[in-house]
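Hi everyone, thanks for making time today. I'd like to walk you through one model, starting with its ligand and then moving on to some helices and backbone details.

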Amino acid sequence: MENRISFFNTLTRKVDKFVPNEDGKVAMYTCGPTVYHYAHIGNLRTYIMEDILVRTLRYAGYDVKRVMNITDVGHLTSDGDTGEDKMLKGAQREHKTVLEIAKFYTDAFFADCAKLNIVTPDVVEPATNCIDEFIKVVSALIDKGFAYVAGGNVYFDTSKLDDYYVFSSQSEKELMVGVRDDVEEDSNKKNKADFVLWFTKSKFENQELKWESPWGIGYPGWHIECSCISMKHLGDKMDIHCGGVDNIFPHHTNEIAQSEAYLGHKWCNYWFHVHHLNDRSGKMSKSKGEFLTLSLLMEKGYNPLVYRMFCLQSHYRKPLEFSYEIMDNTTAAYNKLVKRVASLSKDGEVDKAAFDDYKNRFIDAIGNDINTASAITLVYDVLSADISDATKYALIESFDEVLGLDLTCAPSEDTNAGVDKELEDYILAKIEERKAAKKEKDFAKADAIRDELLGRGIAIKDTREGTVWELVK
Ligand code: AMP
Ligand code: ZN
């Protein structure tokens, strides 16, 4: 098929035309969340832009298989394999077991994704499901001379590779600055850049999740999980691997080192990285403790899809600074846009030639290094074009397969029309009762009122303008 999509490939350091290994098919892997806390809206920026990439490829006709891991073990507070296990820290913080918090935050992550119209990957695999695979690959790396045991841990020996720093010509020292959080020395390592494949160190005695292995009872390192989970579901060769820019080093660098050492050939052709969302004080980070979640934005009255649009208005290769002012402007623009689309008449013929022409322009816009801002501009171009309303509507519905902004799903003005006065009075009284309960900080009562209304098919939503309600089907 015709290859019309290009994007920045961190491996070649340029915008490459995307050509998959197998014509028309795409094998894609995404580093999933470490589920020790809620995802912050920075994490979600990365997943929104990756979602746009998948949707773009599907829109252009590719058959995409996308795999995502869930990191529920082995990710330490420093990406350089030192510090504490993030999951254990999370469990201690909440006085729960690691598996309990893994389940809770995995569910919370996918609930956020659903609100943001992020399509769930075809395969989602928690690391704790794949211990046998990790042991198999780590054993093979030792047999092939790429790994060694020291102080109880198994390490990958980076000196065995001709080119370990595949993503960059930067020096090791410069790269280490990019490593998240604190970096502490590990005297067991033969080379500074070596990384852990399997931990058995006594330092982690209180580790909750441990498994038998040929090197003693322990648990896998973070990097090995992504190599093994992708190979398990996508085979020996992959087209695209995604993540945030902080994953480039050491995580993705280590993934390539161990995967190619194990396989004996090139593993993945394209590496897609999304730049960070920052707040005024710098990069948003879960380990900093204080961060913005999607729920918090919603509590402040923002529609999650406005946050999606906020992300789409800027390029994935540029850092993005979050601001409520831009969110407010985006809210106004989004509401206006959705209203304009809703006002289009859906009756009449779709002009096929105009439809195809604009659809091609859309693929060219988004296919040009995933330029979401140009794709949104094209929505406005369509709205003011000299074509029939039905054609406009059909085009915007089609573009929304990629944008995922629910542009054609506006609740019509009279959503609640036809509700009898008695019911309306009842709902308004309940809303007042709930407001009073919230003021009294009786959140259980407030939630019970909301649930009771929902049980009767009435959804309420807190917005900046106050609480609004609508009938749900
Ligand atoms: P984690 O749950 O920390 O493993 O991160 C999940 C994903 O979010 C990874 O792809 C990270 O690279 C990405 N990420 C982390 N911080 C940010 C940020 N501030 N902005 C955008 N993406 C981020
Ligand atoms: Zn990963």
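Let me begin with a term: a polar contact is a pair of N or O atoms within 3.5 Å; within protein, one must be able to donate a hydrogen and the other to accept it, and residues adjacent in sequence count only if both atoms are side-chain atoms. Please keep in mind that this is a predicted model, where local features need pLDDT of at least 70 and side-chain atom pairs count only at pLDDT 80 or more, while totals for chains, interfaces and linings use all residues. Residues are numbered from 1 along each chain as its sequence is written, chains are lettered from A and ligands numbered from 1 in the order in which they are written, and side-chain values use heavy atoms, with hydrogens and water left out.

So, what touches ligand 1? A polar backbone atom of Gly-42 sits 3.1 Å from a nitrogen atom of the ligand. Thr-46 brings a polar side-chain atom to 2.6 Å from a nitrogen atom of ligand 1. On the oxygen side, a polar backbone atom of Gly-244 is 3.1 Å from an oxygen atom of ligand 1. On its own, ligand 1 has 490 Å² of accessible area, and the protein covers 98% of that (Shrake-Rupley method, 1.4 Å probe).

How many residues surround ligand 1? The count is 19, and the closest are Thr-34, Gly-42, Thr-46, Asp-246 and Lys-286; being near here means having a heavy atom within 4 Å. Helix H1 (41-59) and strand S10 (238-244) each supply at least two residues of that shell, and H1 gives the most, with four. Helices (H or I, at least four residues) and strands (E, at least two) are DSSP runs, numbered from the N terminus. By class, the shell has four nonpolar, 11 polar and four charged residues. Nonpolar covers Ala, Val, Leu, Ile, Met, Phe, Trp, Tyr, Cys and Pro, charged covers Asp, Glu, Lys and Arg, and the others, Gly among them, are polar.

Now for the helix pairs. The axes of H4 (residues 131-143) and H6 (residues 222-234) come within 9 Å and cross at roughly 110 degrees, with axes fitted to C-alpha atoms over the stretch in contact and angles running from 0 to 180 degrees between N-to-C directions. H4 and H6 are therefore roughly perpendicular. Their contact holds seven nonpolar, no polar and three charged residues.

H12 (residues 372-383) and H13 (residues 389-403) have axes that come within 10 Å and cross at roughly 170 degrees. That makes H12 roughly antiparallel to H13; the cut-offs are under 35 degrees for roughly parallel, over 145 for roughly antiparallel, 65 to 115 for roughly perpendicular, and oblique for the rest. This contact has 10 nonpolar, no polar and one charged residues, contact meaning heavy atoms within 4.5 Å.

Last, the backbone. A cis peptide bond, with omega about 0 degrees, joins Phe-249 and Pro-250, and Pro-250 lies in helix H7 (residues 248-263). Asn-117 is not a glycine, yet its phi is positive, about 60 degrees; Asn-117 is in the loop between helix H3 (98-115) and strand S5 (123-126).
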